[in-house]
2 protein chains.
Amino acid sequence: MQVIRSIRELQARADTERAAGRRLALVPTMGALHAGHVSLIEVAREHADQVWVSIFVNPTQFDAPADLEAYPRTWESDLEACRAAGVAVVFAPVAREMYPEGADTAVEVGELSKPLCGAARAGHFRGVTTVVTKLLLAAKPHAAVFGQKDFQQLAVIRRMVRDLNLDVEIIGGPTVREADGLALSSRNRRLDPEARRQALVLSRALDSAEDAVAAGERDGERLLALVREEIAKAPRARIDYAELRDPDSLARAPGLLKEPTLLALAVFLDPTPVEPPAGEGVRLIDNRVLHPHA
Amino acid sequence: MQVIRSIRELQARADTERAAGRRLALVPTMGALHAGHVSLIEVAREHADQVWVSIFVNPTQFDAPADLEAYPRTWESDLEACRAAGVAVVFAPVAREMYPEGADTAVEVGELSKPLCGAARAGHFRGVTTVVTKLLLAAKPHAAVFGQKDFQQLAVIRRMVRDLNLDVEIIGGPTVREADGLALSSRNRRLDPEARRQALVLSRALDSAEDAVAAGERDGERLLALVREEIAKAPRARIDYAELRDPDSLARAPGLLKEPTLLALAVFLDPTPVEPPAGEGVRLIDNRVLHPHA
């Protein structure tokens, strides 16, 4: 496994592999790798001869400095996880390599970036689309894999790649969960034991909405009321958003569900039952596509 | 010479040529080809095995609908010019191919896009950087050639390509002029004979500033006064901007010129000596880098 820190060197290696007819798949990450990332690496392997992983905690996609600072860094175990998963190249640039002096170019997707996490986190998706463009053009992969847990991010990146004519296949990898249902996230390790226990309300809220749809419920407001009720059971959980959206356009779903509909959640898990100062809660997201005709 | 209208087909041809080890250079144009474009094709040939030309009048870079409408379209003679110049591929997409339904991604360069033509034409460079990214990713060239007449455009594109890690060499081609000094531009054919005659004040103003610098003048305000004086000799010429800027950062030049300095001009040539309704003047640009130590 080769660790590469320079964009030029990465591009040279990509050119060599491509010239040799090998297919490359990139898994972009911010490190703090867990079984969810490993699952993305496995998905990537099904689509390529070589899997490359980038590890870069991108400062421009954090709206809150405290969140950037608290984001876990686990370099040694990340490298070990990549090695164990058979990754060929780890690209780990320093910030100055990705944003050299005078860097002043942004990539922006319009409407898809506005609701949900885009509304909650100013500038977040502009940071994501800019860095993903840079990473895809640095690594020149044939395919790239992103987790479906970040549903909106995946939708935004698909649109961007299509719009810019980036010749990269974008693949969504399924969300991996703990045995009790909690979606894996690098942020989970910031939860204290009580917050970790209460964080289960996210997946339970999704389950209860899914069960209700299976039992015939089609009323969006009643489904969202169920979700809020479930989350209210955890005193340290504070809803950032809970919304029903069209899975493609992310437009607000109609009052009565007829088509497959995204139920998207963002919930802060607070260190105490009282709302803490900004940056001290741990913001978790999860989602499910509800199928009213299933 | 192959005319390609589909992005997928263009990318497939690029992959084939690249796999065969051939080097590609793209000359992006909006058609209405003249000797200036042919000169860019010749520059491109020095850097590649195959020269490709794109012809696409990009709607998103026109701030004024009248300007877009008046922009000359000369498809048959453009094709003839490409054939005569030994171009291998002409990429001529319709607007729907470049901007499919739901297209909503923009590429933006910050500071460099703000002064000069960026201040005069709202959204212009955002349109340029977005379409150039799309064209470079559609054609996958090793190099691309842009005219130095559009000095700011070249600076903005260089910055964008560097920032996004686009693995494309950007080459500036020198401005080609008529025998009397007028810089070639597709817009020149919109000038009536009297406006054409008066349009000479642009190059004359640049000449007089250059002569003054050669004679020892270093005062920026006095140089700009010379420029304005020269342009005032043409009653149908109306200055949009006349500025001295740093050629790299495009920051305002200091009061006394010490380093090479860009003198950039944009001048409307009006159909009458009275300012016409918006869109009826023909806006011409020209520039020169002044060398106080030459």
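Me: Let's start from the ground rule: copies are superposed by least squares on the C-alpha atoms of residues with pLDDT of at least 70 in both. This is a predicted model. What rotation and what shift along its axis superpose chain A on chain B?

Reply: The rotation is 180 degrees, the shift along the axis is 0.0 Å, and the RMSD comes out at 0.0 Å. That makes the relation the one of a two-fold axis.

Me: How do you know that the same surface serves both copies?

Reply: Take the contact residues of chain A and look for them in chain B: 100% of them recur there.

Me: Which residue of chain A comes closest to the rotation axis?

Reply: Val107(A) does, with its C-alpha at 2.3 Å from the axis.

Me: And how many residues of chain A are in contact with chain B?

Reply: 23 residues of chain A, and they meet 23 residues of chain B. A pair counts as a contact because the C-beta atoms, placed from the backbone, lie within 7 Å.

Me: Which elements give two or more residues to the side of chain A that touches chain B?

Reply: Four of chain A's elements do: helix H1 (7-19), strand E5 (105-109), helix H7 (124-139) and helix H8 (151-163). E5(A) gives the most, five residues. Sorted by class, that side of chain A has 11 nonpolar, seven charged and five polar residues.

Me: What does the domain assignment of chain A give?

Reply: Domain 1 is 2-173 and domain 2 is 186-289. Their C-alpha centres lie 26 Å apart.

Me: How many residues of domain 1 of chain A are in contact with domain 2 of chain A?

Reply: 17 residues of domain 1 touch 16 residues of domain 2. On the domain 1 side, helix H3 (65-70), helix H6 (117-120) and H8 of chain A each give two or more residues. That side has 13 nonpolar, two polar and two charged residues. H8 of chain A also gives two or more residues to the side that touches chain B.

Me: What makes E8 and E10 of chain A the edge strands?

Reply: Start with the order, which is E8-E9-E10 in an open, antiparallel sheet of three strands. Strand E8 (237-245) and strand E10 (282-290) of chain A each pair on one side only. Neighbouring strands are turned by 15 degrees against each other on average, direction ignored.

Me: Over to chain B. What order does its open sheet of three strands have?

Reply: E8-E9-E10, with antiparallel pairing. Strand E8 (237-245) and strand E10 (282-290) of chain B each have a single partner strand, so one side of each is left without a neighbour in the sheet. E8(B) and E9(B) pair over eight bridges, and Glu243(B) has Ala264(B) as its bridge partner.

Me: Which strands does helix H10 of chain B touch?

Reply: H10(B), residues 201-214, packs on the sheet and touches E8, E9 and E10 of chain B, with its direction at about 15 degrees to that of E10(B). Helix H11 (residues 220-232) of chain B packs there as well, touching E8 and E9, at about 160 degrees to E8(B).

How values were computed
Residues are numbered from 1 along each chain as its sequence is written. Chains are lettered from A and ligands numbered from 1 in the order in which they are written. This is a predicted model: local features need pLDDT of at least 70, side-chain atom pairs count only at pLDDT 80 or more; totals for chains, interfaces and linings use all residues. Two residues are in contact if their C-beta atoms, placed from the backbone, lie within 7 Å. Ala, Val, Leu, Ile, Met, Phe, Trp, Tyr, Cys and Pro count as nonpolar, Asp, Glu, Lys and Arg as charged, and the others, Gly among them, as polar. Domain bounds come from an automatic or database domain assignment. Two strands pair if DSSP finds at least two bridges between them. Axes are lines fitted to C-alpha atoms, for helices over the stretch in contact, and angles run from 0 to 180 degrees between N-to-C directions.
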